[in-house]
Amino acid sequence: MRTYIVTGSASGMGAASAERLRVAGHRVIGVDLRDADVIADLGSEAGRRHAVDEALRISGGTLDGVAAVAGVGPAMPDAAAVASINYFGPVALLEGLRPALERSGAGRAVVISSNSASTVPLIDDTLLGLLLDGDEGASRDHAATAQAALPATVVKSAPSISAYATSKLALARWVRRTAVTPEWGRRGVLLNAIAPGAVITPLMTGSTDVTATPDPDSFPTPMPLGIFGQADDIAFWVEQFLRPEARFTTGSILYVDGGTDAAMRTDAQPTAMRR
């Protein structure tokens with residue numbers, strides 16, 4: 001039996017991930033705003049410290065894996081909060097729990113990014129730089145200011161879409177940069193990301209104008225498989241990344257989006273190194 005932390009464990013992809021791991025016989029310590037072993041707001045510094053402290057206390061200081069699933073969508077009216085929750089939340093949690101992952105001898109961590117990082121044409125490069133520099137105050141201020149400048153039609157349907165897509169891109173880049181540092185890679189702690197597409201969860205239906213049973217052919221982005229994802233489609237890959245056998249994969253961004261990114265950016269990946 002292994003011990004895992006799953007954030008966002010009360011609903012959606014987090015709940016599905018926690019359930020998969022429990023069914024496999026593992027111990028899961030859930031973190032969420034409600035209905036969890038650890039009640040914590042990952043959008044605040046105090047909440048993150050509490051989450052790390054409680055996770056270490058409950059686990060005894062050794063963890064086999066962390067799935068940082070918690071996040072908010074583009075319908076959230078406060079773009080500053082989106083930056084804090086979607087980027088600084090998982091980064092602080094994983095940095096705080098890295099020593100506990102190292103102690104297990106085969107620590108695994110996976111975060112949830114989004115295919116919006118590469119398919120939404122509203123990336124804010126200034127915000128991206130502030131996030132990656134670790135400046136939460138400036139990131140929040142800029143996100144709020146930039147949100148106020150968005151067209152009214154965008155604000156009406158997805159008020160924090162730019163902050164959402166940018167925070168998910170920053171998180172993916174943080175994974176790539178961090179996974180290959182000696183503190184992670186050479187100490188056996190593997191770090192990867194999953195980039196979901198259109199998955200039917202409360203987050204998606206609350207962030208778009210779709211119903212619980214939408215038509216994939218009328219969705220704003222291509223849906224090559226003609227179906228939407230389900231929470232367990234993401235949970236499956238969360239479980240795979242957390243397995244000790246996943247010993248030679250780190251710094252990867254796995255698209256689990258039914259082919260949407262491939263359809264929109266067919267030749268974007270892989271990118272050849274040029275001299």
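A residue counts as buried under 20% relative accessible area, as exposed over 50% and as partly exposed in between, with a 1.4 Å probe and protein chains only. At 8% relative accessibility, Phe 88 is therefore buried. The model is predicted, so local features need pLDDT of at least 70 and side-chain atom pairs count only at pLDDT 80 or more, while totals for chains, interfaces and linings use all residues. Residues are numbered from 1 along each chain as its sequence is written, and side-chain values use heavy atoms, with hydrogens and water left out. Helices (H or I, at least four residues) and strands (E, at least two) are DSSP runs numbered from the N terminus.

**Helix H2 against helix H3**

- Helix H2 (residues 45-59) packs on helix H3 (residues 79-104) at about 30°, and their axes are 9 Å apart. Axes are lines fitted to C-alpha atoms, for helices over the stretch in contact, and angles run from 0 to 180 degrees between N-to-C directions.
- H2 is therefore roughly parallel to H3. By angle, under 35 degrees counts as roughly parallel, over 145 as roughly antiparallel, 65 to 115 as roughly perpendicular and the rest as oblique.
- The crossing of H2 and H3 is right-handed. A crossing has this hand if the near helix is turned clockwise from the far one by less than a right angle, and is left-handed if anticlockwise.
- H2 contributes Arg 48, Ala 51, Val 52, Ala 55 and Leu 56 to the contact, and H3 contributes Ser 84, Phe 88, Gly 89, Ala 92, Leu 93, Gly 96, Leu 97 and Ala 100. Contact means heavy atoms within 4.5 Å.
- The residues of the H2 and H3 contact divide into nine nonpolar, three polar and one charged. Ala, Val, Leu, Ile, Met, Phe, Trp, Tyr, Cys and Pro count as nonpolar, Asp, Glu, Lys and Arg as charged, and the others, Gly among them, as polar.

**Helix H5 and its two partners**

- Helix H5 (residues 125-132) and helix H6 (residues 136-148) have axes that come within 8 Å and cross at roughly 160°. H5 and H6 are therefore roughly antiparallel to each other, and their crossing is left-handed.
- On the H5 side of this contact are Thr 126, Leu 127, Leu 130 and Leu 131, and on the H6 side are Ala 138, Ser 139, His 142 and Ala 143. Five of the residues in the contact of H5 with H6 are nonpolar, three are polar and none is charged.
- The axes of H5 and H8 come within 9 Å and cross at roughly 40°, which makes H5 oblique to H8. The crossing of H5 and H8 is right-handed.
- From H5, Leu 127, Leu 128, Leu 131 and Leu 132 meet Ala 163, Thr 166, Ser 167, Leu 169, Ala 170, Arg 173, Trp 174 and Arg 177 of H8. The contact of H5 with H8 holds eight nonpolar, two polar and two charged residues.

**Aromatic pairs**

- Four aromatic pairs are found in a search of the whole structure. Rings of Phe, Tyr and Trp (its six-membered ring) pair if their centres lie within 6.5 Å; planes under 30 degrees apart count as stacked, over 60 as edge-to-face and the rest as tilted.
- The ring centres of Tyr 87 and Phe 88 are 5.0 Å apart with planes at 90°, so this pair is edge-to-face. Tyr 87 is buried, at 2% relative accessibility.
- Trp 174 and Trp 184 have ring centres 6.2 Å apart and planes at 85°, so they also form an edge-to-face pair. Trp 174 lies in helix H8 (residues 161-179) and Trp 184 in the loop between H8 and strand E6 (190-196), so the pair ties together parts ten residues apart in sequence.
- Trp 174 and Trp 184 are both buried.

**Single residues**

- Leu 190 is in strand E6 and is buried, at 10% relative accessibility. Leaving out residues up to four places away in sequence, Leu 190 touches Gly 107, Arg 108, Ala 109, Ala 246, Arg 247, Phe 248, Thr 249 and Thr 250.
- Leu 190 and Ala 106 are 84 residues apart in sequence, with C-alpha atoms 8.0 Å apart in space.
- Ser 157, in helix H7 (residues 152-157), is partly exposed at 38% relative accessibility.
- Asp 35 lies in the loop between strand E2 (27-32) and strand E3 (38-39). Its phi is near 45°, a positive value in a residue other than glycine, and Asp 35 is exposed, with a relative accessible area of 62%.
- The peptide bond from Gln 269 to Pro 270 is cis, with omega near -5°. Pro 270 lies in the segment after helix H11 (260-264).
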